[in-house]
Amino acid sequence: MALRHLAAAAVSLAMAGAVCAAESRGPVTNLPLPRYVSMKAAKGNVRRGPSLTHKIDWVFKRRGMPLEITAEYGHWRRVQDREGAGGWVHYALLSGVRTVLIEEDMLTVHSRPDSRAPVTAAFELGVVARLGECETSWCEISAGGYSGWAPKKKLWGVAPDELRE
């Protein structure tokens, strides 16, 4: 009898593990969750639920703003911004083009991923920059015609362990 309960518990644990693994991928796109995207539109309604019948809680008004997708349902994506504010947005308002928010005022960027390399520019706090290549602790970014390498920990919109070529 006790052996049967142990077997049932093992099956339950295995199923729970499978559910957790399945939850790390979007059920619609099969892409990783969470993941980062950006606002394609200059204006996008953020709703309480994944349909046009749900109330609009607010409107994102910044094209290119990085957002984190945390869930998918049909043509809808649950997103959140840097402050954790979010809701459901239609997928047509989002882009796979990656951007980041600068999290330090006058963040200096360098010609190479090295703090001793020549400084190529300085970006103000809150600037939205296009994300390029990322190494272990540095990412290449560009905005306003300037580009360079910045420490990954000073950017929002890129995962700490993310590598990009």
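Trainee: How many helices and strands make up the secondary structure of the protein chain?
Mentor: Helices (H or I, at least four residues) and strands (E, at least two) are DSSP runs, numbered from the N terminus. For the protein chain they come to 1 helix and 14 strands.

Trainee: What kind of model is this, and how are residues numbered?
Mentor: Residues are numbered from 1 along each chain as its sequence is written, and side-chain values use heavy atoms, with hydrogens and water left out. Local features need pLDDT of at least 70, side-chain atom pairs count only at pLDDT 80 or more, and totals for chains, interfaces and linings use all residues, as this is a predicted model.

Trainee: What share of the protein chain counts as buried?
Mentor: Buried means under 20% relative accessible area, exposed over 50%, and partly exposed in between (1.4 Å probe, protein chains only). The chain has 165 residues, and the buried share is 36%.

Trainee: Which residue of strand 4 is the bridge partner of Val-37?
Mentor: Two strands pair if DSSP finds at least two bridges between them. Strand 1 (residues 35-39) pairs with strand 4 in the antiparallel sense, over 4 bridges. The partner of Val-37 is Leu-67.

Trainee: Which residue takes a positive phi in the hairpin of strand 4 and strand 5?
Mentor: Strand 5 (residues 76-80) is antiparallel to strand 4, with 5 bridges. Tyr-73 stands opposite Trp-76. The hairpin has 2 residues between the strands, and the positive phi, near 55 degrees, belongs to Gly-74.

Trainee: Which side chain makes a polar contact with the side chain of Arg-98?
Mentor: Arg-98 sits in the loop between strand 7 (94-95) and strand 8 (99-102), and counts as buried at 11% relative accessibility. Contact means heavy atoms within 4.5 Å; beyond neighbours within four places in sequence, Arg-98 is in contact with residues including Tyr-36, Leu-131 and Arg-164. A polar contact is a pair of N or O atoms within 3.5 Å; within protein, one must be able to donate a hydrogen and the other to accept it, and residues adjacent in sequence count only if both atoms are side-chain atoms. At 2.7 Å, the partner is Glu-162.

Trainee: How many salt bridges are there?
Mentor: A salt bridge is a side-chain nitrogen of Lys or Arg within 4 Å of a carboxyl oxygen of Asp or Glu. One of them joins Arg-116 and Asp-114, with the closest N and O atoms 3.4 Å apart; Arg-116 is exposed at 72% relative accessibility. By this rule the count is 6.

Trainee: How far apart in sequence are the parts that Glu-103 and Arg-82 tie together?
Mentor: Their side chains meet in a salt bridge (2.2 Å, N to O). Glu-103 lies in the loop between strand 8 and strand 9 (107-110), and Arg-82 in the loop between strand 5 and strand 6 (86-90), so the separation is 21 residues.

Trainee: How far apart in sequence are the parts tied together by Glu-104 and Lys-154?
Mentor: Glu-104 forms a salt bridge with Lys-154, with the closest N and O atoms 2.9 Å apart. Glu-104 is in the loop between strand 8 and strand 9, and Lys-154 in the loop between strand 13 (146-151) and strand 14 (155-156), so the separation is 50 residues.

Trainee: What is the handedness of the disulfide of Cys-134 and Cys-139?
Mentor: A disulfide is a pair of cysteine sulfur atoms within 2.5 Å. The structure holds 1; the sulfur atoms of Cys-134 and Cys-139 are 2.1 Å apart. Cys-134 is buried at 4%, and Cys-139 is buried at 0%. The torsion about the S-S bond is about 115 degrees, so the disulfide is right-handed.
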